[in-house]
Amino acid sequence: MAEIENVNNKANVGVTLGGVGLGVALLNAIHNGGGFLSGLFGCGAGNMANAAATVMCGSSAPISRYEFEMGQKISQKDTEIALLKSEQNTEIKIADVYSKLKGDMLTMERSQNNWNSQQMVNNATMSAAIAANANSIGSLQKCCDQITKVVIPNTSVCPGWGSVNVTPTPAA
C-alpha cells in the first residue's frame, strides 16, 4: 500500500512542478518587461512600438508572441508528459502488487491443499480404526448379553400387589 502512495506522491509532484514551471515562465515574461504588470500589456522597457508584438524576457531581450506561446505550449506538454509518466508508473506498481499478491495466494493455496491431503489421510485412518473397534465392541456386547440378565425389582413392576418371596433352589 505504501508503494501506491509513493507513486501517487510522485505523480502529484510531477503535476505540481509542471504547473510551477508554467507559472514561473509567465511571471518571468511579465515581470521582465519593465514592470511587474507592464509585460502583461506589451509595454516592455519603454519600447512602445513593438509592445503588441513582443514581450520582454530574461536579460531584457525581446521575444515574439509566437515564441512566448511556444514556451507556454512546451510547459504544458512537459506537464502532460509528467502526468503520463506518473500514471504509467502507477500502473506498473499496481501490476507488481497484483503479481505479489497472486503469488502469495498461490503459496497459501498450496499449503492449504497439503494440509487438506494430510487431513484426508488422517480421517481415513481414523475411520478404519473406528470400524475395527466397532466390530470388537459388538462382539463384546454379545458376550456380555449372554452372561447377564436384567433383574427388575418387584416393587418397580407391580407396586401394591404384595410381597414376593424368592427362595433359592439348592444346587445339585
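How many helices and strands does the protein have?

1. Elements. The protein has 3 helices and 2 strands. This count, like everything below, comes from a predicted model. Starting at the N terminus, the order of the elements is α-β-β-α-α.

2. Burial and surface. The protein has 172 residues, and 12% of them count as buried. Its accessible surface is about 13,800 Å². Carbon and sulfur atoms account for 63% of that surface.

3. Contacts along the chain. Consider the contacts in the protein between residues at least 6 apart in sequence. Of these, 48% join residues at least 24 apart.

4. The salt bridge. The structure holds 1 salt bridge. Which side chains meet in a salt bridge? They are those of Asp104 and Lys100, with a distance of 3.3 Å from N to O. The pair counts as a salt bridge because the cut-off is a side-chain nitrogen of Lys or Arg within 4 Å of a carboxyl oxygen of Asp or Glu.

5. Asp104 and Lys100 both lie in helix 2, which covers residues 65-147. Because they are 4 residues apart in this helix, about one helical turn separates them.

6. Exposure of the pair. Is Lys100 buried or exposed? Lys100 has 54% relative accessibility, so it counts as exposed. Asp104 has 33% relative accessibility and therefore counts as partly exposed. The cut-offs behind these labels are under 20% for buried and over 50% for exposed, with partly exposed in between.

Definitions and conventions
Residues numbered from 1 in each chain as written. Predicted model: local features only at pLDDT ≥ 70, side-chain atom pairs only at ≥ 80, totals over all residues. Heavy atoms only, no water. Buried < 20%, exposed > 50% of the residue type's maximum accessible area, 1.4 Å probe, protein only. Contact = heavy atoms within 4.5 Å. Areas by Shrake-Rupley, 256 points an atom, 1.4 Å probe, with all protein chains shown as cover.
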